[in-house]
Amino acid sequence: MRAVVRRGASLVLDSVPDPTPGAGQVLARTLCCRICGSDLHAVHAMETMVELGRRSGEPALIDPTRDIVFGHEFCAEILDHGPDTDRRLKAGTRVVAMPVVATPQGFETVGYSNRYPGGFGEAIVLTEPMLLAVPNGLGDVQAAMTEPFAVGEHAVAESDAGPDTVNLVVGCGPVGLAVIAALKARGLGPVIASDYSPARRRVAEAFGADVVIDPAAENPHSRWSALGVPHSRTERSVLALTGNTGKRAVIFECVGVPGVIQSLIEAVPVGSQILVVGVCMQTDAIEPFLCINKSLELKFVLGYTPEEFARTLHHIAEGVIDVRPAITAEVGLEGVADAFRALGDPEAQCKMVVRP
């Protein structure tokens, strides 16, 4: 089959062996696959990703010196079933799935594996119990947004966001947009969105952010008191005299570059919860005393559960989340390398989709 291969630090369109489904697996034709921000990093930093995974206790199942076909945010059509499958979904069914394959050595990710090519190829192998049929006549491209928006669903589910919180999303790239969508799907607000990019701020507004801020023009932390969040211990004490504890700040860090966490620690109100959703692979530094003195809660989140994945698909199919404002372009396999370069400019592109 034809596929875009990560070979060294380059992306090459080449012919690779057709994947074959094993026990409990299905073979599927890739209908479309979104380019993820992790893919952009992995082209040049796969070796670092593997090493950090090893240091966090995960078995090293990827050899970055060998070919890898990226693509883990996909919609596909079942072609055939491997052995020991129940065939509950017939050939021709359009599906999405968590990109996970269980092996005797551990879990591998479709698209981040030497053995399981991802959606930047014409066919993929998926785990049958993970398959979800695409409902309601939902389009292929919209269905492929399930995986990235499930990341936002998980981040919000792991947070304390609720009717008594004010929620700040820092960084309105794909991860930040998914967080905004998950907050608004729950009817929560106000949601403040902060990003330097005018294009990203426009998309954040389309996803329902209540307040959209350009941090170059306004400090996103300047509105806490006006929105009912006591910023200092003194403010909290004065408010308590009236029998009102005020609201709590919940902040989602969706940037993933060094220095952002420390800047939030310094700026957020006392008692805030900071959810670190952006993936930073570089060494960073924070001052723990500030966290202690301000009674802050730092929480790091990753991925999603099967239930959150299914809930996200339901929200997209039912129109609770409209992912279309984030989709900016489609390319074939021939255009993948150029698309990776284009995604480096947030003013030019947001979410690009590959149609093999």
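In which helix does R236 lie?

Modeller: The model is a predicted one, and the values below are computed from it. R236 lies in helix α6, which spans residues 233–240. R236 is partly exposed, because its relative accessible area is 34% and that class runs between the limits of 20% and 50%. Once the neighbours within four places in sequence are left aside, the residues in contact with R236 are P230, V270 and G271. With V270 there is also a polar approach, in which a polar atom of the R236 side chain lies 3.4 Å from the backbone oxygen of V270.

The buried residues in α7 are V260, I261, Q262, L264, I265 and A267. What covers them includes the strands β10 (165–170), β13 (248–253), β14 and β15 (297–300), together with helix α8 (288–293).

Strand β14, one of the elements that cover α7, consists of residues 273–276 and contains Q273. Q273 counts as buried because its relative accessibility is 0%, and the limit for that class is under 20%. The side chain of Q273 makes a polar contact of 3.2 Å with the side chain of E297. Apart from residues up to four places away in sequence, Q273 touches E158, S159 and D160, then R248, A249, V250 and I251, and finally E297 and K299.

E158, which Q273 touches, brings us to the helix pair of α3 (residues 146–158) and α4 (residues 174–185), which pack with their axes 7 Å apart and at an angle of about 60 degrees. That angle makes α3 oblique to α4, and their crossing is right-handed. On the α3 side the meeting residues are P148, F149, G152, E153, A155 and V156, and on the α4 side they are L177, A178, V179, A181, A182 and L183. In the loop between α4 and β11 (191–194) lies P190, which is joined to G189 by a cis peptide bond with omega about 0 degrees.

Most residues other than glycine have a negative phi, and most peptide bonds are trans. In the loop between β4 and β5 (94–97) one finds D84, whose phi is positive, near 60 degrees. R87 has its place in the loop between β4 and β5 as well, and its phi is also a positive value, near 55 degrees. D84 counts as exposed because its relative accessibility is 69%, whereas R87, with a relative accessible area of 41%, is partly exposed.

Strand β4, at one end of that loop, holds E77. The side chains of E77 and R29 are joined by a polar contact of 2.5 Å. If its neighbours within four places in sequence are left aside, E77 is in contact with L27, A28, R29 and L31, and also with G92, T93 and R94.

The aromatic rings complete the account. A pair of aromatic rings is described by the distance of the centres and the angle of the planes. A search of the whole structure finds four aromatic pairs. One of them is formed by F70 and Y112, which are edge-to-face, at 5.6 Å centre to centre and with 70 degrees between the planes. F70 and Y112 are both buried. Y304 and F309 form an aromatic pair that is tilted, with 5.6 Å from centre to centre and 45 degrees between the planes. Y304 and F309 are likewise buried.

Key. Residues are numbered from 1 along each chain as its sequence is written. This is a predicted model: local features need pLDDT of at least 70, side-chain atom pairs count only at pLDDT 80 or more; totals for chains, interfaces and linings use all residues. Side-chain values use heavy atoms; hydrogens and water are left out. Helices (H or I, at least four residues) and strands (E, at least two) are DSSP runs, numbered from the N terminus. Buried means under 20% relative accessible area, exposed over 50%, partly exposed in between (1.4 Å probe, protein chains only). A polar contact is a pair of N or O atoms within 3.5 Å; within protein, one must be able to donate a hydrogen and the other to accept it, and residues adjacent in sequence count only if both atoms are side-chain atoms. Contact means heavy atoms within 4.5 Å. Rings of Phe, Tyr and Trp (its six-membered ring) pair if their centres lie within 6.5 Å; planes under 30 degrees apart count as stacked, over 60 as edge-to-face and the rest as tilted. Axes are lines fitted to C-alpha atoms, for helices over the stretch in contact, and angles run from 0 to 180 degrees between N-to-C directions. Angles under 35 degrees count as roughly parallel, over 145 as roughly antiparallel, 65 to 115 as roughly perpendicular and the rest as oblique. A crossing is left-handed if the near helix is turned anticlockwise from the far one by less than a right angle, and right-handed if clockwise.
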